[in-house]
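Dear colleague,

I am passing on a structure that you have not worked with before, and I would be glad if you could look it over before reading my notes. You will find it just below.

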Amino acid sequence: MKKELGIARCGLACCLCSENSKCNGCNSSGCPDNDFCENKKCSIEKGLTHCYMCEEDCKKGLLKKIKPYTFTLFIKRHGEEKLLNCLEENEKKGIIYHREGINGDYDDFDDVEQLIKFIITGNR
């Protein structure tokens with residue numbers, strides 16, 4: 001885990017991304033989706049550094065997917081540091097962020113509250 005890379009604007013965990021050896025996060029020009037990321041453009045237009053700072057319950061761009069949406073909601077409820085700490089502990093337990101391509105253990109959910117519980121406990 002590269003905790004210093006933190007959480008992307010959309011809620012994805014740059015700190016656990018398998019691409020982090022080539023990417024410095026969405027606030028850099030190194031992100032492969034930098035030029036067309038809907039979440040980055042929207043948050044910049046609103047003067048926000050992250051989607052979790054927005055008061056809207058938004059499902060634009062990557063927030064259509066359960067992992068970034070839930071991570072964003074988790075941060076709204078518990079804070080970014082708590083999410084980073086939970087992700088770090090879960091990684092130590094063997095929970096995989098990217099197992100196949102960009103999908104991993106956090107993508108195996110269809111219920112936001114169940115995923116939040118998984119993030120906190122590391123148990124299904």
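Predicted model: local features only at pLDDT ≥ 70, side-chain atom pairs only at ≥ 80, totals over all residues.

The protein chain holds four helices and zero strands, and its elements, read from the N terminus on, follow the order α-α-α-α. Of its 124 residues, 48% count as buried, while the chain as a whole exposes about 7,100 Å², of which carbon and sulfur atoms supply 49%. Among the contacts between residues at least 6 apart in sequence, 51% join residues that lie at least 24 apart.

The helix pair is α3, which covers residues 80–92, and α4, which covers residues 112–121; their axes come within 7 Å and cross at roughly 70 degrees. Because angles of 65 to 115 degrees count as roughly perpendicular, α3 is described as roughly perpendicular to α4. Where the two helices meet, Leu 83, Cys 86 and Asn 90 of α3 are in contact with Phe 118, Ile 119, Ile 120 and Thr 121 of α4, and by class this contact has five nonpolar, two polar and no charged residues.

Thr 70 counts as buried because its relative accessibility is 0%. Leaving aside neighbours within four places in sequence, Thr 70 is in contact with Val 112, Leu 115, Ile 116 and Ile 119.

Technical notes:
Residues numbered from 1 in each chain as written. Heavy atoms only, no water. Axes fitted to C-alpha atoms, helices over the stretch in contact; angles between N-to-C directions. Parallel < 35°, antiparallel > 145°, perpendicular 65-115°, else oblique. Contact = heavy atoms within 4.5 Å. Nonpolar A, V, L, I, M, F, W, Y, C, P; charged D, E, K, R; others polar. Buried < 20%, exposed > 50% of the residue type's maximum accessible area, 1.4 Å probe, protein only. Areas by Shrake-Rupley, 256 points an atom, 1.4 Å probe, with all protein chains shown as cover.
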